[in-house]
Amino acid sequence: MSTYAPVAPAAHSRTWQASPFAGTRVLLKLAARRDRIMLPVWVYALLATSASTAYSFKNLYSTEASRREFAAVINATPSTIAIYGRVTSTSLGGITAWRIAVLAATLAGVMSILLVVRHTRAEEQTGRQELLGATAIGHRAPLASALSVALVANVGVALGTSVVLPFLGCTFPGALALGLAIACCGCLFAGLAAVTAQIAESSRTANGIACAVLGASFLARAAADASGYGWLMWCTPLGWVERVDAYGANRWWVLAPPLACALLLTLVAVRLAAGRDLGSGLLATRDGAERAGRDLGGPFGLAWRLHRGALLGWSVGFLLGGLVIGYIAKDIGGVLTSSAQMVKIIDEMGGQQGLIDAYLAACAGIFGLVASIYAVQTTLRAGGEESAGRAEPLLATPIGRVRWAASHVGSALLGTAVLLVVGGFGAGLAHGLRTHDVSGQLPRLIGGALAQWPAAIIAAAIAVALFGALPRYAAAAWAALTLFLLLGQLGPVLKLSQAVMDVSPFTHVPKVPGGAFSWTPLGWLALLAGALIWLGLAAFRRRDLQLG
């Protein structure tokens with residue numbers, strides 16, 4: 001009779017069992033490779049915003065006297081204070097920090113939320129994290145690597161800001177304070193995203209909850225600035241960014257609250273992750289009805305069901321944004337006439353009314369750019385349904401490929417139009433109430449916003465073409481949209497040639513309200529979008545499905 005001595009486990013096995021963070025470095029390298037395009041674009045966009053703002057203010061307000069007059073007008077305009085806060089320093093760095101601090105911190109929050117959810121909840125949702133968990137990867141490594149990616153991105157923003165602004169005439173200590181304030185805010189929302197990734201069962205819900213908190217933080221800060229209740233500023237992360245007072249008091253100690261909150265949220269996320277099963281969330285999902293309604297009788301009804309929640313959330317944001325833009329419009333002349341150069345430009349534009357129309361037309365262009373983000377996101381949902389395997393059972397029925405894909409594309413196109421109408425309605429209503437001309441301003445501003453629709457859907461059309469012909473590279477549509485954004489924001493500052501500026505479809509949109517309107521460029525843009533969509537659908541009809 002043979003006896004067998006027990007075999008001791010291998011040394012590396014004991015190490016794996018003892019280290020919940022094993023494999024974090026490997027996952028961090030994988031995340032860096034996956035985000036090698038998106039992450040630099042985010043950091044570059046934030047730094048470009050800071051640099052272009054400082055460059056513009058340096059040319060418009062070159063003297064201390066002009067900056068003091070500008071600050072006095074700003075601090076006397078409650079609507080502008082609600083958006084950007086108060087000017088506390090009249091140096092070049094001071095008015096630059098006033099203009100970009102809240103905006104950059106908000107964008108850093110969005111970047112951090114998307115990064116963390118992408119590498120945590122989205123990985124569980126697709127099943128990839130389960131495969132990684134079957135290897136020598138610790139159960140806390142995915143969360144640790146996701147937070148590390150967000151930390152690296154925010155540190156890059158802080159370092160870049162502290163280096164770029166001094167080259168444009170701003171002092172280094174203020175630039176460092178501004179960069180660190182933005183980065184700390186981003187880290188806080190990275191921790192928040194880590195928590196929502198444990199709560200929700202889908203990446204869309206996790207992103208939605210975290211972004212809703214970010215939006216509430218922005219509204220609370222705006223209310224605190226507009227009302228003058230200083231205590232309320234301490235209740236919101238974006239208020240802490242203002243309280244740092246870069247280029248003013250430079251309160252370094254105010255960086256401690258967001259860092260402490262980021263650490264606390266990270267610990268909460270780790271605790272929640274340890275108490276749930278892989279792939280599940282702490283929020284239980286509701287069971288569906290026993291029988292489907294008539295609206296689910298075809299692919300278009302299903303697409304509407306999938307996209308309606310996101311469309312509702314975006315519509316609320318566009319409505320609030322439109323109300324704020326319309327409310328500020330009447331005061332925009334007083335803000336800008338503190339610069340002699342701006343007074344000359346305003347006179348050339350046709351005076352005060354010409355300036356207001358130019359401002360509203362520029363805001364309509366912003367509506368178009370933001371709406372194109374929704375258009376691309378909704379279009380790419382078709383690729384997510386395909387890779388997750390949910391499209392295959394549908395396409396095994398009499399539903400054709402083109403009808404199924406067209407349902408998502410149609411939702412994107414129609415949803416983009418809805419968002420533009422809602423944004424124009426909010427701006428027209430608020431501006432009309434302030435000018436006592438609601439019936440006149442509503443159609444003008446709704447029409448000005450809708451004029452952006454042919455340009456706004458170009459990026460979505462590019463996404464359709466890539467989805468159909470090169471599905472693995474469909475996400476490159478985000479790169480096209482980023483290019484359009486950078487050309488619009490930095491092209492005039494960098495004095496790029498018109499041929500380069502014409503690459504962006506938004507360059508061809510008539511500047512309405514106020515400018516001359518022409519159907520010709522809109523028709524050509526719509527024709528180009530239609531051709532790209534047709535090519536994408538035709539290619540999708542002939543290729544194999546992509547799973548996983």
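Visitor: Why is L319 called partly exposed?

Guide: L319 has a relative accessible area of 31%, and since buried means under 20% and exposed over 50%, with partly exposed in between (1.4 Å probe, protein chains only), L319 is therefore partly exposed. This is a predicted model, in which local features need pLDDT of at least 70 and side-chain atom pairs count only at pLDDT 80 or more, while totals for chains, interfaces and linings use all residues. Residues are numbered from 1 along each chain as its sequence is written, and side-chain values use heavy atoms, with hydrogens and water left out.

Visitor: What makes the nonpolar surface patch?

Guide: The patch of about 580 Å² is made by L219, L312, V316, L319, L320, L323 and F425, where patch residues have over 30% relative accessible area and no salt bridge, and nonpolar side chains are joined within 5 Å. Helix α15 (residues 299-329) gives the most to this patch, with five residues.

Visitor: Why does S504 count as buried?

Guide: The relative accessibility of S504 is 2%, so S504 counts as buried. S504 is found in the loop between α25 (498-501) and α26 (519-542), and, not counting residues up to four places away in sequence, S504 touches F484 and L487, contact being heavy atoms within 4.5 Å.

Visitor: How do you know that C185 is in no disulfide?

Guide: A search of the whole structure finds zero disulfides (pairs of cysteine sulfur atoms within 2.5 Å). For C185, the nearest cysteine sulfur, that of C184, is 8.8 Å away. C185 has a relative accessible area of 2% and is therefore buried, whereas C211, at 33%, counts as partly exposed.

Technical notes
Patch = residues over 30% accessible without salt bridge, like charges linked within 9 Å, V, L, I, M, F, W, Y side chains within 5 Å. Areas by Shrake-Rupley, 256 points an atom, 1.4 Å probe, with all protein chains shown as cover. Salt bridge = Lys/Arg side-chain N within 4 Å of Asp/Glu carboxyl O. Helix = DSSP H or I, 4+ residues; strand = E, 2+ residues; numbered from the N terminus.
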